[in-house]
Amino acid sequence: MASPAASESVPQTSGEGSPDLVTLRAAAGVSAAELHAHRDTWEFLVKHTGADQHFHVPGAVVEDGGMVVARPSGPSLVAVLTSLDDVRGDAAAGLGTQAIAHHLHQRIVGIVKKIAQDSWAGGDGDPVIIRIDDRPKPDDDERR
């Protein structure tokens, strides 16, 4: 039997934590989203999501200093969530690929679930920001 520490290091497989229909419907309804990520992360998303019938590369993808800002559509977010769910559960993809897919999936699904819980339809709001840029929390001395 594997120790709890060992099982925590293995990426979650498809099924548990998979996006439910409510979450996917909330993603489908997003019309104004901005994805901020490293260009390698963006490339990973396009590579693993690009074949999905609902994924469309946004018209304006801006790169500045290695960081990308893209404006995916709701259908593209659905494709991202379902495709990443498939990849994170695919043992043949390899642990590194599964880990990246799992992290991106969890980050995006967490944001979309907030929308599902308290959605607002309107054209005057700010876009949904999906930022993939984890960093260590600064010490109190560094915040000053």
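**Cavity, helix packing and a salt bridge**

Biologist: How many cavities of 30 Å³ or more does the structure hold?

Modeller: The structure holds one cavity of that size. A cavity is a set of points on a 1 Å grid over the protein atoms alone where a 1.4 Å probe fits but cannot get out. This is a predicted model, where local features need pLDDT of at least 70 and side-chain atom pairs pLDDT 80 or more, while totals for chains, interfaces and linings use all residues. Residues are numbered from 1 along each chain as its sequence is written, and side-chain values use heavy atoms, without hydrogens or water.

Biologist: How much space lies in the largest cavity?

Modeller: About 50 Å³ lies in the largest cavity, counted as the space filled by probe spheres set on the points.

Biologist: And which residues line the largest cavity?

Modeller: The lining (an atom within 4 Å of a point) consists of Leu 35, Trp 42, Leu 45, Pro 72, Leu 77, Val 80, Ile 108 and Ile 130. Helices H3 and H4 (74-88) each supply at least two residues of this lining; helices here are DSSP runs of H or I with at least four residues, and strands are runs of E with at least two.

Biologist: Nonpolar, polar or charged: how does that lining divide?

Modeller: Eight are nonpolar, with no polar and no charged residues.

Biologist: Changing topic: at what angle do H3 and H5 pack?

Modeller: H3 (residues 39-49) and H5 (residues 95-117) pack at about 100°, with their axes 11 Å apart. H3 and H5 are therefore roughly perpendicular (65 to 115 degrees) to each other.

Biologist: Which residues make the contact?

Modeller: Thr 41, Phe 44, Leu 45 and His 48 of H3 and Thr 97, Ile 100, Ala 101 and Leu 104 of H5 make the contact, meaning heavy atoms within 4.5 Å. By class, five are nonpolar, three polar and none charged.

Biologist: What about H2 and H5, how far apart are their axes?

Modeller: The axes of H2 (residues 21-28) and H5 lie 8 Å apart, at an angle of about 85°. The H2 side of the contact is Val 22, Thr 23, Ala 26 and Ala 27, and the H5 side is Val 109, Val 112, Lys 113, Ile 115 and Ala 116. Seven of these are nonpolar, one polar and one charged.

Biologist: How many salt bridges?

Modeller: Five, taking a side-chain nitrogen of Lys or Arg within 4 Å of a carboxyl oxygen of Asp or Glu. One of them joins Arg 39 and Glu 63 at 2.9 Å, N to O. That pair links distant parts of the chain, from helix H3 to strand S2 (residues 62-64), 24 residues apart.

Definitions and conventions: Axes fitted to C-alpha atoms, helices over the stretch in contact; angles between N-to-C directions. Parallel < 35°, antiparallel > 145°, perpendicular 65-115°, else oblique. Nonpolar A, V, L, I, M, F, W, Y, C, P; charged D, E, K, R; others polar. 1 Å grid on protein atoms, 1.4 Å probe; cavity = no way out; pocket = protein on both sides within 12 Å on 5 of 7 lines; lining within 4 Å.
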